[in-house]
Structures are given as structure tokens and as C-alpha cells.
Amino acid sequence: MDLAESLEDERVHFFFAGRNDGSNFSKKIIARSKSLSNVTYIGELSFDETNELISKSHIFVNTSRPNEGFPNTFIQSWMRKTPVVSLEFDPDSILENKKLGFCCSNNYNMSERVRYLLNNHNELVSIGENARLFATEKYDINKISRDYAKLFRGGIL
């Protein structure tokens with residue numbers, strides 16, 4: 001919500017998806033989203049709905065914590081040429097090293113990175129293309145299936 005608030009002067013709209021578990025934290029975040037003109041809370045989405053939303057997005061913003069594990073949404077975003085801007089989480093430094101997006105150390109840095117991508121269309125497209133190439137080389141379902149089959153047959157990958 002801090003990111004959305006810091007970018008109210010930009011022509012950008014945030015869609016905030018996730019389960020409302022009824023906790024005080026969820027209630028607080030949802031209430032704050034309603035107070036911002038550039039945020040829409042859309043609730044919990046199915047896998048296909050998530051893919052559709054990401055495919056229509058210019059940037060995927062990740063606020064998951066490292067203890068939550070590798071976000072599948074990274075792969076979903078990369079497959080759709082959508083750069084990832086992540087807060088304090090870059091598994092094995094692949095966002096930065098493979099040029100798939102940016103890892104930000106704080107909210108201010110995140111705001112600057114998102115603003116940079118919004119105002120540098122060629123860079124946004126270049127990172128998106130690179131992300132798609134990386135994802136298809138590393139995570140394509142056909143490749144993964146062949147690797148699993150080989151592993152189950154006792155082969156070495």
C-alpha cells in the first residue's frame with residue numbers, strides 16, 4: 001500500500017489479490033487499499049485468473065517474505081513477459097543476475113524501480129522478453145516433464 005501511495009502521481013493502477021483470512025492484518029490492508037484511488041482489491045484468485053491478471057499487467061510486485069519459499073508467481077510472471085519487482089527477496093539473486101526484474105531493499109527503492117520501469121518502456125519490454133526466455137528455458141512444462149521422467153527412470157539430470 002505504501003508503494004501505491006508513493007506512486008499516486010503516476011498513471012498506474014495496482015490490483016491487489018489475495019485471500020482475506022479475516023485477521024486484523026487482512027482487514028487493515030484491505031481497508032487501506034480502499035482508501036487509495038489507484039488500488040483495487042480483487043480478493044483471492046484461481047491459478048488461471050492469476051495468469052490472466054499477470055498477462056494484462058506491466059509489472060508484478062512481490063512482497064512475499066523469503067520464509068514463504070520461491071513464489072510460483074515469479075514463474076507465472078516471467079512466462080507472460082512481466083518483470084518482477086520484489087521487496088527484499090531475490091532467490092539465488094536471479095532477478096538481478098538474470099535481469100528478470102529488480103530486488104529492492106526498502107519501499108523507497110521499490111517505488112523508484114517501479115517508476116523507472118513505468119517511464120522506460122524499452123527497458124520494461126527488454127526485461128519482459130528476457131524473463132520469458134529465461135522461464136521457457138528453465139521452467140517450461142515439457143522440459144520439466146522430460147527431466148522428471150528421466151529422474152524417475154534412474155537417470156541423472
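Me: A helix is a DSSP run of H or I with at least four residues, a strand a run of E with at least two, and both are numbered from the N terminus. The model is predicted, so local features need pLDDT of at least 70 and side-chain atom pairs pLDDT 80 or more, while totals for chains, interfaces and linings use all residues. Residues are numbered from 1 along each chain as its sequence is written, and side-chain values use heavy atoms, without hydrogens or water. Which helix gives the most to the lining of the second largest pocket?

Reply: A pocket is an open set of points on a 1 Å grid over the protein atoms alone, where a 1.4 Å probe fits, with protein on both sides within 12 Å along at least five of seven lines; lining residues have an atom within 4 Å of a point. Here the lining consists of F47, N72, I75, Q76, M79, Y139 and I141. Four of these residues come from the helix that spans residues 72-79, helix 4.

Me: Which cysteine does V85 touch?

Reply: Contact means heavy atoms within 4.5 Å. Not counting residues up to four places away in sequence, V85 touches I59, F60, V61, N62, F102, M110, R113, V114, L117 and C104.

Me: How many disulfides does the rule count?

Reply: A disulfide needs two cysteine sulfur atoms within 2.5 Å. The sulfur of C103 has its closest cysteine sulfur in C104, at 6.4 Å, which is too far for a bond. C103 is partly exposed, at 25% relative accessible area (the range is between 20% and 50%), whereas C104 is buried, at 0%. The count of disulfides is zero.

Me: What distance separates the C-alpha atoms of L7 and N38?

Reply: L7 sits in the loop between helix 1 and strand 1 (14-17), and its relative accessible area of 0% makes it buried. Leaving aside neighbours within four places in sequence, L7 is in contact with V12, F14, N38, S111, V114 and R115. L7 and N38 are 31 residues apart along the chain, and their C-alpha atoms are separated by 8.5 Å.

Key:
Buried < 20%, exposed > 50% of the residue type's maximum accessible area, 1.4 Å probe, protein only.
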